Amino acid sequence: MIVIISNWGLADGTLVTRAVGGDAAVLTAIHRAVIRGGFQPDGGYRPVRSVDVVLAGDTFDWLVTSAWCRDERPWHRGSRPHAARLAVSRRTLVRHRGVVGRLVRWARVGLPVPPADARDRPRSAERMLVPVRLTALAGDRDPWLDQAMLGPARRVACGICWSDGTIDIRHGHELDVVCRRASAGADGRVARSASLAESVATDLVARFGSMLRGDAALWP
């Protein structure tokens, strides 16, 4: 079974401060879908053998944050921008540790579902663990997934594309003209030029939010 989630937009909380608890409903929906996936067209119940959860880009919004309201930008080269990128990703993972931790726990120990009895009916009072493979793909708003606190130690595979040989999954932002990134600057001060989407997010939306964040009536 394949579960695909994209554009979740989990942020570090410095500007975007939506209720954290609401994100748990997404995982509850996934859990229910996996259990329902065990019900076959013939009416019998046979648990799915495994689950691939693919976070297909922009799982995190690492652009709309107060970190980019100073001199650094996420596309800059150097130790300070690198440290700022890591700080943004760490704050986000800590803020959403309940949701991220639950996903990682599934990848480590499996997803509990009812086993089937001899008549292909779910034994609701019992649980078995279905293996879960967790993959996070980079989008245009979380391009430095490989630098964040994710990776093999947390049972998370990071990349830009997922494929099982038949189905290919990617975020697709490279096909959007506003997300296209130019090559490195001639002066060597930046790793690359910003895309239009990045400029709007950091230099317009984030700065505007930073100006208004003291007024809850204007910036809830």
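Author: Happy to! Buried here means under 20% relative accessible area. Keep in mind that this is a predicted model.

Reader: Thanks! Is Cys179 buried or exposed, then?

Author: Cys179 counts as buried, because its relative accessibility is 7%. Cys69 counts as buried too, at 19%.

Reader: And how many disulfides are there?

Author: The count comes to zero disulfides.

Reader: Okay, switching to helix H1. Which of its residues are buried?

Author: In H1, the buried ones are Leu27, Ile30, His31 and Val34. They fall within an arc of 100 degrees when you look down the helix axis, so they line one face of H1.

Reader: Why would that spacing work?

Author: An α-helix has 3.6 residues a turn, so residues three or four places apart point the same way.

Reader: Nice. What's on the other side of H1?

Author: Arg32 and Arg36 are exposed there.

Reader: And what covers the buried residues of H1?

Author: The cover includes strands S1 (2-5), S2 (51-56) and S3 (111-113), along with helix H3 (97-109).

Reader: Now the largest nonpolar core: which residues touch the most other members?

Author: Those are Trp8, Val51, Val53, Leu55 and Leu103, out of 36 residues in that core. H3 gives the most to this core, with six residues.

Reader: Which residues are in the second core?

Author: That separate core has six residues, including Leu15, Cys69, Ala201 and Ala206.

Notes
Residues are numbered from 1 along each chain as its sequence is written. This is a predicted model: local features need pLDDT of at least 70, side-chain atom pairs count only at pLDDT 80 or more; totals for chains, interfaces and linings use all residues. Side-chain values use heavy atoms; hydrogens and water are left out. A disulfide is a pair of cysteine sulfur atoms within 2.5 Å. Buried means under 20% relative accessible area, exposed over 50%, partly exposed in between (1.4 Å probe, protein chains only). Helices (H or I, at least four residues) and strands (E, at least two) are DSSP runs, numbered from the N terminus. The arc is that of the directions from the helix axis to the C-beta atoms. Contact means heavy atoms within 4.5 Å. A nonpolar core is a set of buried Ala, Val, Leu, Ile, Met, Phe, Trp, Tyr and Cys residues joined through side-chain atoms within 4.5 Å.
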